[in-house]
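Here are my notes on the model. Please read them with the coordinates open.

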Amino acid sequence: MLFSSITFLFYFIPIVILVYYMMPKRLRNGVLLFASLVFYAWGEPKYVLFMLFSVTQGYVAGRLVERYRGRMGARIALALSVVFSLGMLGYFKYADFFISNFNTVTGLSIPLLRVTLPVGISFYTFQIMSYVIDVYRADAKAQKNYVNLATYISMFPQLIAGPIVRYTDLERQLTERTYEMSAVAQGVRRFVLGLGKKILIANVLGELVEINKATGENSVLFLWMYAIACSLQIYYDFSGYSDMAVGLGLILGFHFPENFNYPFIAGSITEFWRRWHMSLGTWFRDYLYIPLGGNRVGTIHWMFNILIVWMATGFWHGASWNFILWGLFFALFLVLEKLFLLRYLKRSHVWKHIYVILLTVVSFVIFDSAELSLAFGNIRALFGGAELPLVTYETMYYLKSYTVILVIGLIGATPLPKYLVNRVWKTRAGEKWNCILEPVVLLAIVVMCTAFLIGGSFNPFLYFRF
């Protein structure tokens with residue numbers, strides 16, 4: 001079930017919120033757990049039991065780790081839990097990738113497993129692992145209430161697309177959260193704005209991306225339109241979904257961490273990754289990069305650590321070479337920046353932003369390419385290396401059709417709209433009309449999104465495949 005669906009918007013979430021607030025506080029985690037299982041089972045009922053089994057092994061491992069802390073039993077329980085989690089993730093997500101590549105190298109024909117990838121497995125697997133590791137490190141106490149732990153892991157607002165919420169962030173909230181109308185109102189606002197980003201911007205930009213793939217229309221200008229639209233589509237698709245998750249969390253009394261902070265205004269790739277998918281970046285930092293030694297080692301070892309982390313980051317996104325190359329692409333520039341590039345980037349307020357935009361746009365061409373040959377071909381063509389015409393009649397047609405949404409997407413990816421809105425609200429007229437205009441604007445967004453959904457418009461969700 002997608003957040004951006006009629007079923008979720010007008011049936012599932014109203015019923016869940018109504019029942020949730022009708023129940024005594026002590027029963028609300030149970031309601032939320034049941035709703036989350038229904039939400040997950042809506043698309044893949046057979047994998048609900050698998051998810052519960054994963055939760056159960058995490059629960060048992062956490063209890064054992066705490067019971068035998070400081071002894072061999074704790075290390076064994078931690079190791080078994082991590083092996084189980086990574087083993088299941090590897091089986092469902094990466095088995096066919098390894099078999100296919102093994103067949104290519106050896107010339108054998110081992111049949112592929114063709115296992116369906118459970119939705120959200122990459123997210124809830126990381127949450128289970130971080131929970132058990134935090135208990136082992138004594139950063140958190142083992143959760144003795146199974147329902148509370150299962151609620152944390154399976155909570156539907158962040159189940160299928162994050163943000164990757166740490167147990168330490170929600171430990172107290174699972175039992176002591178407060179409910180305030182101001183937080184609920186903020187949550188509704190955040191959810192609606194995220195819904196608008198997803199349906200009104202990401203989906204329309206996605207149409208342009210699909211046109212490029214389907215028509216075969218190629219010119220240098222059209223490929224740049226595709227590359228920019230692809231980058232913005234991924235940003236609005238994922239950040240919009242994160243906004244909706246944060247908003248739903250507030251409505252239910254939870255405070256989830258932020259996942260995006262205007263990454264395209266960054267002045268370096270290092271800063272870009274402090275602003276993009278922040279929950280994933282901090283997860284790899286705390287549970288892989290630092291345990292490997294981080295930057296507290298020699299230069300060669302440190303460069304190796306970055307290579308491993310970013311290969312893992314790319315591979316986390318999907319079982320394909322283009323994702324691995326995407327991660328290594330960023331690893332290269334992160335190393336170069338730390339060695340010498342950052343010193344030069346800090347000298348220019350303009351070129352450092354051009355540098356970031358150029359590299360990130362190229363990176364998302366790699367990200368979006370099913371084959372490496374297609375990625376290399378498109379990148380070469382972007383810079384005039386494929387003998388394509390600069391522009392064609394069809395390109396001008398699509399440019400006229402999508403210029404408005406591209407401009408909206410570019411401006412909306414900066415803090416400018418938020419800055420202008422805040423300035424208006426702080427004026428005397430803004431303070432007077434805010435209580436009327438804001439609900440009207442939010443209602444208008446809901447109406448437009450509903451019209452798009454009823455009309456059967458293009459409505460994918462890219463991170464379902466992760």
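1. Which residues does F8 touch, not counting residues up to four places away in sequence? They are M1, L2, F3, I13, P14, F39, F156, F191 and L248. Contact here means heavy atoms within 4.5 Å.

2. Ground rules. This is a predicted model, in which local features need pLDDT of at least 70 and side-chain atom pairs count only at pLDDT 80 or more, while totals for chains, interfaces and linings use all residues. Residues are numbered from 1 along each chain as its sequence is written, and side-chain values use heavy atoms, with hydrogens and water left out.

3. The core. F8 and F156 have the most contacts inside the largest nonpolar core, which has 142 residues. A nonpolar core is a set of buried Ala, Val, Leu, Ile, Met, Phe, Trp, Tyr and Cys residues joined through side-chain atoms within 4.5 Å. Buried means under 20% relative accessible area, exposed means over 50%, and partly exposed lies in between (1.4 Å probe, protein chains only). Helix α11 gives the largest share of this core, 18 residues. Helices (H or I, at least four residues) are DSSP runs, numbered from the N terminus.

4. α11 against α16. Helix α11 covers residues 220-251 and helix α16 covers residues 351-368. They pack at an angle of about 85°, and their axes are 9 Å apart. α11 is therefore roughly perpendicular to α16. Axes are lines fitted to C-alpha atoms, for helices over the stretch in contact, and angles run from 0 to 180 degrees between N-to-C directions. Angles of 65 to 115 degrees count as roughly perpendicular; under 35 is roughly parallel, over 145 roughly antiparallel, and the rest oblique.

5. Who meets whom there? From α11 come W224, Y226, A227, I228, C230, S231 and I234. From α16 come L358, T360, V361, F364, V365, F367 and D368. By class, the contact has 11 nonpolar, 2 polar and 1 charged residues. Ala, Val, Leu, Ile, Met, Phe, Trp, Tyr, Cys and Pro count as nonpolar, Asp, Glu, Lys and Arg as charged, and the others, Gly among them, as polar.

6. I228. This residue lies in helix α11. I228 is partly exposed, with a relative accessible area of 28%. Beyond four places in sequence, I228 touches V361, L406 and L410. I228 and V119 are 109 residues apart in sequence and 28 Å apart in space, C-alpha to C-alpha.

7. N378. Look for it in helix α17, residues 372-382. Is N378 buried or exposed? Its relative accessible area is 12%, so N378 is buried. Leaving out residues up to four places away in sequence, N378 touches L223, Y226, V365 and S369.

8. α4 against α14. Helix α4 (residues 72-106) packs with helix α14 (residues 299-317) at about 100°, with axes 10 Å apart. The two are therefore roughly perpendicular to each other. K93, Y94, F97 and F98 in α4 meet F315, W316 and H317 in α14. The residues of this contact divide into 5 nonpolar, 1 polar and 1 charged.

9. α5 against α6. The axes of helix α5 (residues 121-136) and helix α6 (residues 146-154) come within 9 Å and cross at roughly 135°. That makes α5 oblique to α6. Y124, Q127, I128, S130 and Y131 in α5 meet L149, Y152 and I153 in α6. The contact has 6 nonpolar, 2 polar and no charged residues.

10. Backbone checks. R114 has a phi near 50°, a positive value in a residue other than glycine. R114 sits in the loop between α4 and α5 and is exposed, with a relative accessible area of 65%. A138 also has a positive phi, about 65°, although it is not a glycine. A138 is found in the loop between α5 and α6.

11. Cysteines. How many disulfides does the structure hold? The count is 0, where a disulfide is a pair of cysteine sulfur atoms within 2.5 Å. C230 counts as buried at 1% relative accessibility. C449 is buried, with a relative accessible area of 1%.

12. S182. This residue lies in helix α10, residues 181-215. S182 is exposed, with a relative accessible area of 51%.
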